[in-house]
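Trainee: I'd like to go through this one with you and ask how we know what we say about it. Can we start with the terms?

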Amino acid sequence: MCRPLQASDINNIATILQTIVAVKQKANEISDDFCTTIDNVLDVNEESVFQSQQDKNSSSRIVEALNTFLETLVIGSSGKFEKIKRNYAVNIQAVQPQQFSGLTFSGIVRNSRISPLRNGNFTEFNDHVPQAPSSSISIPRTIFNESTITNSSRQHRIIFVLYKKTGFFKVSSEDTKKTSSRLNSFVIAGSIKGLSVRNLSNPVKIALVQSVARGDTNSTLCSYWNFTLGNWSQEGCMFKKVLSDGRILCNCNHLTNFAMLMDIKPAVITKHERILGVISYVGCALSLVGLTLTIITILILRELRRKLPMKILLNYCTALSLTLIVFLATPEGSESSSLARCGTAAVALHYFLLVAFLWMAVEAFSLYLAIIKARKIDSFPFAFMLKCCLFAWGTPAIIVAITMIVALDKYGDERNCRLHGVPFFVAFVTPVILILAGNIVVFCLVIRSLLTSGNTVTSSRKVSGLQQARQGIAIMVLLGLTWLFGFLAIDDAKLAFQWLFCIFNSLQGFLVFILFCILPAGTRQQLRKLCSKKSNYSLREDPSTGSTAIGKMYSVNDQCSASGDELKTLDKESNCCNNMA
């Protein structure tokens, strides 16, 4: 039985591999054995590999030996060489500098092994990175223009290596104790034989897949392996963004071995956060019930749904209900929730919240026209509502569309399914502040006008205007403060704002229902009348005719109201009417 390789054995293997490379003979004949030896070393316990690196820099020597060995291989007329092992894969492409149009390399990992590699060409080098299910590296078409080449007509060899096992690149244990950042991707390498690639103006683009766990993308460190230090370095590399397929995009101005370090230490969920998480969803559900009751009340009462303020309220409740449904249907920070789903939810939240705020602005504007300008907008409700709908439902669509075009990657991340970064302040906070400021000014003008109007405004109109203004202010406070607390419930102030969000959000829908459906005396009267009417018609039916007893009484009364000549000819009906009288 073979004993496991120890650090001393790995040191000896590194020395032997360096000796073989130095000979530079029969490289193609021994290529499989050479690559298999390195593959076996990667199977060794990582602690032994790390110890060998600490003792005699063995890991770095093996990686450098592999790169040198690949440069000595003879490539046939196809101009390609490929070698796939359990723990890493190699791909070599021969290219002509004058005809080079860029090159992308990626490896596909399935079922714990590396599948055949995929490589492709793209003619233009821009921000587009071809989609791939694994890590990829894209070399710009200008790379040879920025390098000193003695003979541009000669073929050059581009070498790619993808390490699925990263034991050769283990950081020191002291560093891992000091920080929660750790290697969270495969290692992908690129180099060009005989060419030193540094300080590129058009960077190399590396798209990396999180291999260990979903971590905090805000802590991403795009890194390369520094052979001199025997550790990761971030010089010349920078985090760019999270791609739509969930990969992390890094830009680097040179070629070497790349990976990313990330904070993947799971956050400690406190008892308060766990309770508040439940209360948040329960509060949203309760608020949704209140909004649903408000919508139903407006729809079933004909007199209410004919009024312009109630039509505005109906649209407002619809937008806010859709916001809550999206919020409830999308668990934030869930491992099972894909980044695309989270981004879609963030787009929907952004749109429906803006719609709700704009309907709040429409409410203030209609009150301004009715009280300050004394316009009878009820005389042309259809035209006015059509314009309001185009404004309140259409304007947010334009804002969201522009935001998606400019900064789609800012919609959602691993932690929060919402718009974040600068677009959050430009495309959401700014419109909301303008709406709230405008509403405050309008409500102040309306209240001032009603209080100082004297006899120019009837008492009933004054009471109605004040009541509508109070209701508008209540909605503004509820909606504005609730979602302001919700978006501020992050980072250090998360606990306090979550409590405020839960309190306001749980009351929001029910307060809207109470303010507009319960407190107004006219609405209560209509509800009682509707309930009474339904109760009368729910009496037991006559099995012989299928009509109710109360229905017969109404029928007889109708006959009694006929003309005198008809009553004289209908003795039974007349006697019945006299008895009832």
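This is a predicted model: local features need pLDDT of at least 70, side-chain atom pairs count only at pLDDT 80 or more; totals for chains, interfaces and linings use all residues.

Trainee: What follows α3, and what is its phi?

Mentor: Asn 57 comes after α3, and its phi is positive, near 55°. At the start of α3, a side-chain oxygen of Asn 45 comes to within 2.8 Å of the backbone nitrogen of Glu 47.

Trainee: What makes that pair, Asn 45 and Glu 47, a polar contact?

Mentor: The cut-off for an N or O pair is 3.5 Å, and this oxygen and nitrogen are within 2.8 Å, so the pair falls inside the limit. As for burial in α3, which covers residues 46-56, the buried residues are Ser 48, Val 49, Phe 50, Ser 52 and Gln 53.

Trainee: How do you know that the length of helix α4 agrees with its number of residues?

Mentor: Helix α4 covers residues 58-72, which is 15 residues. The expected span is 1.5 Å times one less than the number of residues, so α4 should span 21 Å, and its end C-alpha atoms are 21 Å apart. The two values agree.

Trainee: Why is α4 called largely enclosed?

Mentor: Because eleven of its 15 residues are buried. Buried means under 20% relative accessible area, and the residues of α4 that qualify include Arg 61, Ile 62, Val 63, Leu 66, Asn 67 and Phe 69.

Trainee: On to the cysteines. How many disulfides does the structure hold?

Mentor: Three. A disulfide is a covalent bond between the sulfur atoms of two cysteines.

Trainee: How do you know that Cys 222 and Cys 250 form one?

Mentor: The cut-off is 2.5 Å between sulfurs, and theirs are 2.0 Å apart, so the pair counts as a disulfide. This pair links distant parts of the chain, with Cys 222 in strand β12 and Cys 250 in strand β15, 28 residues apart. Both cysteines are buried.

Trainee: Which parts does the pair of Cys 342 and Cys 417 tie together?

Mentor: Cys 342 lies in helix α9 and Cys 417 in the loop between α10 and α11, so the pair ties together parts that are 75 residues apart in sequence. Their sulfur atoms are 2.1 Å apart, and the link is left-handed, with -125° about the S-S bond.

Trainee: What do we call Cys 389 at 26% relative accessibility?

Mentor: Partly exposed. That value sits between the 20% and 50% limits, whereas Cys 388, at 6%, counts as buried.

Methods: Residues are numbered from 1 along each chain as its sequence is written. Side-chain values use heavy atoms; hydrogens and water are left out. Helices (H or I, at least four residues) and strands (E, at least two) are DSSP runs, numbered from the N terminus. Buried means under 20% relative accessible area, exposed over 50%, partly exposed in between (1.4 Å probe, protein chains only). A polar contact is a pair of N or O atoms within 3.5 Å; within protein, one must be able to donate a hydrogen and the other to accept it, and residues adjacent in sequence count only if both atoms are side-chain atoms.
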